[in-house]
Amino acid sequence: MATFFGEVLSVYSRAVEEDDDDLDDENEDEQIHREIEEKREVHIAWCPEVAQSLEDSGSNKLQCSDLIIAVGTNAAGFLSAYVLNTESWDAVGHVSLWNERSRGSSRQSIALLPGEPACLFYRHRDNPAVLVCQSTCYIAEDQLFQWTEKVFGCLQKRGLSVMVLSDSPVAEYKTPDYLYGSAVPFLRSLKSSASESQALCPALEQPNILTGLPAAVLSHCQVHQIPAVLYQCYTDVISPDSITMETYKPALLCLSKLVKLEPCLSADVLRKFAIITEAQSNLYT
Amino acid sequence: MAARYDRAITVFSPDGHLFQVEYAQEAVKKGSTAVGIRGKDIVVLGVEKKSVAKLQEERTVRKICALDEHVCMAFAGLTADARIVINRARVECQSHRLTVEDPVTVEYITRHIATLKQRYTQSNGRRPFGISALIVGFDYDGTPRLYQTDPSGTYHAWKANAIGRSAKTVREFLEKNYTDEAIATDNEAIKLAIKALLEVVQSGGKNIDLAVIRRNQPLKLLESKEIETLVAEIEKEKEDEAEKKKQKKST
């Protein structure tokens, strides 16, 4: 390019790809991208027995008839209180991942501290085709697809049926009507088209949508024609709370057909799983 | 729809809502229930006691506060906001006494509190107070009064009202049961307040705090023993009623 003063400047044209220059920088960028991808990879770790049965089955898939996923602290607390406390469940695996909100622990063992955000799998001793997954850690949008593919990649698709329980703040619930205090918390359901089960609560109305892990799981089930039903609980409490956990009780009807459940639960057991944060209890009088 | 008009207090939505004020009213519903009853010669304030942490001094967690010798209030909502409002009201009560040489009327101090609250719904950069208050007392001519204020700065006089978590249930109970016979005597008015609270309070009398003002007498906070006695009386009356109904049915 000739300038006004007559000097000639070499200017880079954006129309032409310059392969020779900045090769090192590109390499560095690529390397950084690769490192970030590796860091953000989703890993599933199974316990030795399950890893063995995965190897023994020719297709590297587990026999699973029912998968129950709990997303959020209240859903996980409900399962812990009503389903997982009958001593007949084994912890069989966990998912470890890293993102800005979920700095996953470097501990590879399955025994994670209670209360720590995590993603754990449990299997019933008498009925090993029933798997429960409790997910309380945050899974970033770019990791959701990986999570779903890797988890469902380990499970036999035929005969599989999925139930998802998920928490959501009621502030996200859009409705033209005013929600009186007594209506909250409440359940709404969503099903994949392959699901023939009767929903035990009203369906989620438009324009409400699901996001995050529940949406990823339900989308996967819809695409692969797996019968799936989701129960979303809208609650106005931030921390795990026994009243919110009790809202999931209609789901017990389906679960009791699969496994033996605790017949009735005292409020004390529920309170054990509910955390009363000090700040919250002094804020309002 | 709400999302675009609810971030600033000074913005109306196209359909006339002040969302921040309405959200402040939601904050009130997070506080425990308080009920106020206006009797003939007594005014009663009853509150659901908050569960106190083990190491916390119970005395410092009070929902009922005296504003002057003849006026007191109970609140529901944000604790810190209530403290500010109460302090300003107390100062105003004394300032009034010194300036005008008369104690405040209940309506005056309620109007002062309500004006303060309204100011905070029209200012830039400030949020509304997240409390509703029940203000009770006697004017110097001996009339009992009960007023209720809310975060928007409105106030009204009531014969009986409730605020806080299960206010709707308690108000419905009061609408059915507030009759002239029910408040005929002081004791009956106190029992009506307890009965209203028992509709929504779990585990009975030990979770109830009660305060009364009688004409020409200062505020009195009932001790837990007295409350337990009254609760026992109420339960016995309920049993007697049930017995009578059963006998009527069988004859």
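Visitor: Leaving aside neighbours within four places in sequence, which residues is A:Arg188 in contact with?
Guide: This is a predicted model. In it, A:Arg188 is in contact with A:Tyr173, A:Cys201, A:Pro202, A:Ala203, A:Leu204, A:Glu205, A:Leu230, A:Tyr231, A:Gln232 and A:Tyr234, once neighbours within four places in sequence are left aside.

Visitor: Where is A:Arg188 found?
Guide: A:Arg188 belongs to strand E9 of chain A, which covers residues 186-191.

Visitor: Is A:Arg188 buried or exposed?
Guide: A:Arg188 counts as buried because its relative accessible area, 15%, is under the 20% cut-off. Its side chain makes a polar contact of 3.4 Å with the side chain of A:Tyr173.

Visitor: Staying with chain A, how many helices and strands does it have?
Guide: Chain A has nine helices and 10 strands. Of its 285 residues, 41% count as buried. Among chain A contacts between residues at least 6 apart in sequence, 77% join residues at least 24 apart.

Visitor: Which residues touch the most other members of the largest nonpolar core?
Guide: They are A:Leu67, A:Trp147, A:Val162 and A:Val217, in a core of 44 residues. Helix H5 of chain A, residues 212-223, supplies the largest share of this core, with six residues.

Visitor: What is A:Trp147 in contact with?
Guide: Apart from neighbours within four places in sequence, the contacts of A:Trp147 include A:Val42, A:Ile69, A:Val95, A:Leu97 and A:Cys119. A:Cys133, A:Ile139, A:Leu213 and A:Val217 are also in contact with A:Trp147. There is also a second, separate core of 30 residues, which includes B:Val44, B:Ala189, B:Ile208 and B:Val231.

Visitor: Turning to the interface, how many residues of chain B are in contact with chain A?
Guide: 15 residues of chain B are in contact with nine residues of chain A. The two chains bury about 1100 Å² between them, and 48% of that is on carbon and sulfur atoms.

Visitor: Which residues in chain B lose the most area to chain A?
Guide: B:Lys30, B:Lys50 and B:Thr79 do, and together they account for 45% of what that side buries.

Visitor: How many salt bridges does the rule find across that interface?
Guide: Zero salt bridges are found between chain B and chain A. Four residue pairs are in polar contact across the interface. On the chain B side, helix H1 (19-28) and strand E4 (71-77) each supply at least two residues. The largest share, three residues, comes from E4(B). By residue type, the chain B side divides into five nonpolar, five polar and five charged.

Visitor: What does B:Arg145 form a salt bridge with?
Guide: B:Arg145 pairs with B:Asp139, and the closest N and O atoms are 2.8 Å apart. B:Arg145 is partly exposed, with 27% relative accessibility, and B:Asp139 is buried, with a relative accessible area of 10%.

Visitor: What about B:Glu243 and B:Lys246, where do they lie?
Guide: Both lie in helix H6 of chain B, three residues apart, which is about one turn of the helix. B:Glu243 is partly exposed, at 40% relative accessible area, and B:Lys246 is exposed, at 58%.

Visitor: Which residues are linked in a network of salt bridges?
Guide: A:Arg40, A:Glu100 and A:Asp142 are linked in such a network.

Visitor: One more residue, please: where is B:Asn161 found?
Guide: B:Asn161 is in strand E8 of chain B, residues 160-163. B:Asn161 counts as buried because its relative accessibility is 0%. The side chains of B:Asn161 and B:Arg171 make a polar contact of 2.9 Å.

Key: Residues numbered from 1 in each chain as written. Chains lettered and ligands numbered in written order. Predicted model: local features only at pLDDT ≥ 70, side-chain atom pairs only at ≥ 80, totals over all residues. Heavy atoms only, no water. Contact = heavy atoms within 4.5 Å. Buried area = accessible area lost by both parts, 1.4 Å probe. Salt bridge = Lys/Arg side-chain N within 4 Å of Asp/Glu carboxyl O. Polar contact = N/O pair within 3.5 Å; in protein donor to acceptor, adjacent residues only side chain to side chain. Helix = DSSP H or I, 4+ residues; strand = E, 2+ residues; numbered from the N terminus. Nonpolar A, V, L, I, M, F, W, Y, C, P; charged D, E, K, R; others polar. Buried < 20%, exposed > 50% of the residue type's maximum accessible area, 1.4 Å probe, protein only. Core = buried A, V, L, I, M, F, W, Y, C linked by side-chain atoms within 4.5 Å.
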